[in-house]
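Please look over the sequence and the model below.

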Amino acid sequence: MAAGRAPILTPRGDDFPRWYQDVLNKAELADNGPVRGTMVIRPYAYAIWERMVAEVDARIKAAGAENAYFPLFIPESYFQREAEHVEGFSPELAVVTVGGGKELEEPVVVRPTSETVIGEYMAKWVQSYRDLPLLLNQWANVVRWELRPRVFLRTSEFLWQEGHTAHATEDDAREYAEHILHSVYRDFMVEVLAIPVLVGAKIAQERFAGATNTLTCEAMMGDGKALQMGTSHELGQNFARAFDVGFLDEHGEQRICWTTSWGVSTRMMGGLIMAHGDDAGLRVPPRLAAVQAVVLVVRDEDGSVTAAAGELVDSLGRAGVRARLDARVETGFGRRATEWELKGVPLRIEVGPRDLAEGQVVVARRDDGAKVPVPVAELAARAPGLLEEVQAAMLADATERRDALTTVVDSVEEAAEVSATGFAVLPWRLLDDAAIDLLGRSAVTVRCLQTPDGELPGGAPADELVAVCARSY
RNA sequence: CGGGACGUGGCGCAGUCUGGGAGCGCACCGGCUUUGGGAGCCGGGGGUCGCGAGUUCGAAUCUCGCCGUCCCGACCA
């Protein structure tokens with residue numbers, strides 16, 4: 001029956017960007033907004049984003065930071081105070097010049113990031129070494145006018161979390177920036193998103209505007225391209241100086257703080273889609289999924305199947321599984337099965353009269369398509385374990401693919417070639433300006449620097465570091 | 001912002017070259033038959049042909065301008 005029918009989605013191998021668009025539409029994730037570069041996040045995608053927020057927020061709080069909220073509008077003059085910051089952000093600022101029908105005396109910028117406003121208030125709040133470290137975070141929307149927008153990956157407005165901290169010493173600031181990268185971002189991405197991200201440091205050219213060091217989590221997408229999934233910056237004393245964030249130390253000496261900032265955004269939705277999606281649609285890892293299991297009533301003559309399915313949903317819920325009932329029997333089974341596959345729900349539990357007669361249900365895994373019968377009485381007890389199996393399998397799949405598409409090379413030419421389809425790892429010492437320029441001609445960039453065993457460079461000697469190169473989103 | 005392609009019901013497209021009925025598939029609504037992988041048949045509803053000028057008796061079709069989308073390059077979460 002399916003033979004001869006057009007595929008639901010453009011196959012990934014035919015046209016990856018087109019496939020991505022198809023997933024956004026068919027899985028009802030997002031639409032373009034009316035203003036170029038803006039997006040509408042639809043309920044199913046927003047539910048996933050809320051799960052991301054919950055998981056990341058819990059980790060941020062575990063790292064000791066507290067949530068606060070700073071204004072959307074920032075005086076334009078604030079941006080002028082940090083030279084590199086202005087230079088980096090000027091091209092993508094949205095500036096409001098009229099308010100209440102009148103030309104404003106000083107234009108206000110719609111925040112592209114909040115270092116400047118937060119710096120102003122940190123200066124006010126921090127007086128003593130006893131006030132440090134000051135660990136703040138906010139969940140907010142930000143605006144960066146984009147020339148080439150792509151839903152979730154690069155939009156002019158996006159949702160994110162931005163952490164901002166002030167510390168007494170450089171070491172303390174560095175440790176905290178690293179702690180966030182590892183214990184919040186990498187942990188979340190690997191354990192919840194099931195995406196095996198690389199951690200590393202950005203080269204100077206790729207640093208955040210105003211940072212002294214930018215740490216990154218880099219993921220590989222289904223087409224071998226890289227996606228920066230999150231960054232954590234050491235800002236040195238650049239912003240602290242510009243905004244006069246100072247304190248008296250225990251010896252009564254006036255000193256300047258060391259600050260950090262770090263963020264992850266709705267871009268992770270794009271990463272989720274492109275890292276795990278297949279030709280049948282999205283695949284959501286169970287720990288992330290807003291709907292972990294859908295109980296699908298295959299057909300129902302007298303209401304008894306729906307009743308039994310409802311009980312299964314309840315029992316799954318009691319077992320800690322986020323389950324949902326699909327009893328829309330007026331819609332064909334195949335249609336509904338396809339819909340849930342598009343949406344990537346990890347487990348589909350099929351219940352029909354035949355199953356009930358045999359005291360079983362059929363459990364279909366979204367990750368590998370396997371279908372196994374499970375006795376009704378055992379479903380709730382077995383589902384959590386099965387979800388964990390799916391979670392582990394998805395991480396293993398993604399890791400295997402990333403490793404298969406990663407090649408260690410020892411020349412710039414090879415790096416350019418290999419980066420056409422995946423990641424190239426080569427000695428950092430080979431990458432002088434001319435080499436970086438050469439890679440650039442193939443749209444290849446240095447994603448991050450690592451130690452050979454994949455850790456942050458830290459204090460490792462520069463000539464021992466490796467550079468991970470790839471094309472990127 | 002440079003190069004390329006494309007804008008026709010919600011989605012995907014034909015029609016444009018060679019001007020004259022706005023059509024097709026899917027989706028949607030109603031009815032009947034169906035229901036273990038995208039249902040079938042019958043009957044319906046829905047479109048300023050991206051926007052604006054121009055040429056013409058007449059423009060989806062020709063001309064110009066603008067906007068948007070996608071791809072490829074320069075920047076970012």
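**A helix, an arginine and the aromatic rings**

Helix H9 (residues 304–318) is 15 residues long and spans 21 Å from its first C-alpha to its last, close to the 21 Å expected at 1.5 Å a residue. The expected span is 1.5 Å times one less than the number of residues. Helices (H or I, at least four residues) and strands (E, at least two) are DSSP runs, numbered from the N terminus. This is a predicted model, in which local features need pLDDT of at least 70 and side-chain atom pairs count only at pLDDT 80 or more, while totals for chains, interfaces and linings use all residues. Residues are numbered from 1 along each chain as its sequence is written, chains are lettered from A and ligands numbered from 1 in the order in which they are written, and side-chain values use heavy atoms, with hydrogens and water left out.

In H9, Val305, Ala309, Leu312, Val313, Ser315 and Leu316 are buried (under 20% relative accessible area; exposed is over 50%, partly exposed in between; 1.4 Å probe, protein chains only). The elements covering these buried residues include strand E15 (293–297), strand E16 (323–326), strand E17 (347–351) and helix H12 (376–404). Just after H9, glycine 320 has a positive phi of about 85 degrees.

Strand E17 contains arginine 348, which is buried at a relative accessible area of 8%. Its side chain makes polar contacts with the side chains of glutamate 341, at 3.2 Å, and glutamate 350, at 3.0 Å. A polar contact is a pair of N or O atoms within 3.5 Å; within protein, one must be able to donate a hydrogen and the other to accept it, and residues adjacent in sequence count only if both atoms are side-chain atoms.

The structure holds nine aromatic pairs. Rings of Phe, Tyr and Trp (its six-membered ring) pair if their centres lie within 6.5 Å; planes under 30 degrees apart count as stacked, over 60 as edge-to-face and the rest as tilted. Phenylalanine 70 and tryptophan 125 form a tilted pair, 6.0 Å centre to centre with 45 degrees between the planes. Phenylalanine 70 lies in the loop between strands E3 (66–67) and E4 (73–75) and tryptophan 125 in helix H5 (residues 115–125), so the pair ties together parts that are 55 residues apart in sequence. Phenylalanine 70 is buried, at 5%, whereas tryptophan 125 is partly exposed, at 41%.

How values were computed: Contact = heavy atoms within 4.5 Å.
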